[in-house]
Amino acid sequence: MSGAPATRPTREAILAILDTVMDPEVPVLSVRELGIVRDVSVDHDGAVTVVVTPTYSGCPAIRVIEQDITSALHDAGVEEVRIQTVYSPAWTSDWIPDSARAKLKAYGIAPPTPVASTELVQLLRAPRTPQCPYCDSHDTEVRSEFGSTACKSICWCRSCRQPFEEFKGI
Amino acid sequence: MTQPSVVPALPEPPHDELELLLRLGDDRLVLGHRLSEWCGHAPILEEDIALANVALDLLGQATLFLRRAGRLEGKGRDEDALAYFREAVEFRNCLLVEQPNGDFAFTIARQFLFDVHAVVTLDALSRSTRPELAALAAKALKEAKYHVRHSGEWMLKLGDGTDESHRRVQRALDELWRFTPELFVADGVAARLAVQGIAPDLPALRPQWASIVRDVVDRATLTLPHEVSHSPHLRGGRSGMHGEHLGHLLAEMQIVARTHPGAKW
């Protein structure tokens, strides 16, 4: 009993701390808003388990994210932090809530479009025209499906003649 | 009193699920490495970034499959040990993915043939009776669908593009076609796993793969090569019989880890 911490943090308190842990590649969104944090539990002796899911199999940011979560909780006085990684259900950009989509747009990244198609191979679609986060025009084009990080594509706005990034819908 | 009879040690039984994980992981590790060779050399900046992105996804998938393989093997090898400290004969990738990059059309054709195989097999594997395997497959499938869109649209652009792009991608398809039967061969491992519902029945998936490939090839105004004979020399990858190219690839991929074992940075 002697080793028990003075106060056992509540689940809500842990979630509030995780709201302050930002994604290293999209620093306007927290790891909760991105849907990377799937669950949190606090056991009887105050140890905290954070369940996370990676966005992409090869996302190089996932280790940094795990370290950031651990150190934020350590800083808040949680001594024992366990990170548990789950792969099912697979992460989808559909988990990003509307409030976070607005933050992405304000940051200059077009929010992801909903993942509608279940087709295995979908070619020759009508070209997508994501809304420009700067001038709101739809007179845009996707220049490359792949961008500076695994989660973004590269677009061009014909209206305000600016390049911009779009969060990939996956 | 009977003497205890001397029982010769039985050879270790084949571990089918471990083999499956090595096949899935090695396909992605080797192809991811091949694509990474384009980094800084692709014809345009967007493609440089795209090929590196696909490589990153494939390496990420390889990490997950090989990590699980290492755990199942139970000899203390993690994904890095499996990637950097195995010899070519221990690799289980198909021969298609180890073929050198060639020109851009060759890389795209190789990628397209693999990507269609990936979406078809991962989709089926996402219904595996092994929940952990099904989860990894469902995750990889999302990425594979993105990849096949990229390689498939390039097949259309190159095939239905200029005379030169058409000629080059047709040549690539003709050269690579002989490596495609291996993708759907059911050897003992694959057949036993299919019976248990752990992995899909590969020969049964081939028509779906062939129909997607044929559709894109037709629309790209290309000609589907003739069926090739199932020469055993063109399907040795799953049992460790590789061409000379894999050894050269591994030499480059493994040299740093072998020169400085245990190095951290």
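Trainee: In which loop does Asp139(A) lie?
Mentor: Asp139(A) is in the loop between strand E4 (109–110) and strand E5 (140–144) of chain A. Strands (E, at least two residues) and helices (H or I, at least four) are DSSP runs, numbered from the N terminus. The model is predicted: local features need pLDDT of at least 70, side-chain atom pairs count only at pLDDT 80 or more, and totals for chains, interfaces and linings use all residues. Residues are numbered from 1 along each chain as its sequence is written, while chains are lettered from A and ligands numbered from 1 in the order in which they are written.

Trainee: Why is Asp139(A) called partly exposed?
Mentor: A residue is buried if 20 or more other C-beta atoms, placed from the backbone, lie within 10 Å of its own, exposed if 12 or fewer, and partly exposed in between. Asp139(A) has 13 within 10 Å, and is therefore partly exposed.

Trainee: What does Asp139(A) touch, leaving aside residues up to four places away in sequence?
Mentor: Asp139(A) touches Arg158(A) and Ser159(A), where contact requires C-beta atoms, placed from the backbone, within 7 Å. The C-alpha atoms of Asp139(A) and Ser159(A) are separated by 6.1 Å, although these residues are 20 apart along the chain.

Trainee: What sense does the pairing of E2(A) with strand E3 (residues 81–85) of chain A have?
Mentor: E2(A) and E3(A) pair in the parallel sense over five bridges, and Gln84(A) in E3(A) is the bridge partner of Val51(A). From E2(A) the chain passes through helix H2 (residues 62–75) of chain A to E3(A), a right-handed β-α-β crossover. Right-handed means that, with the strands pointing away from the viewer, the path from the first strand over the helix to the second runs clockwise.

Trainee: Which residues form the covered face of strand E2 (residues 48–52) of chain A?
Mentor: Val48(A), Val50(A) and Val52(A) form the covered face, whereas Thr49(A) and Val51(A) form the uncovered one.

Trainee: How many residues of each chain are in contact between chain A and chain B?
Mentor: 20 residues of chain A are in contact with 31 residues of chain B.

Technical notes
Contact = placed C-beta atoms within 7 Å. Pairing = 2+ DSSP bridges.
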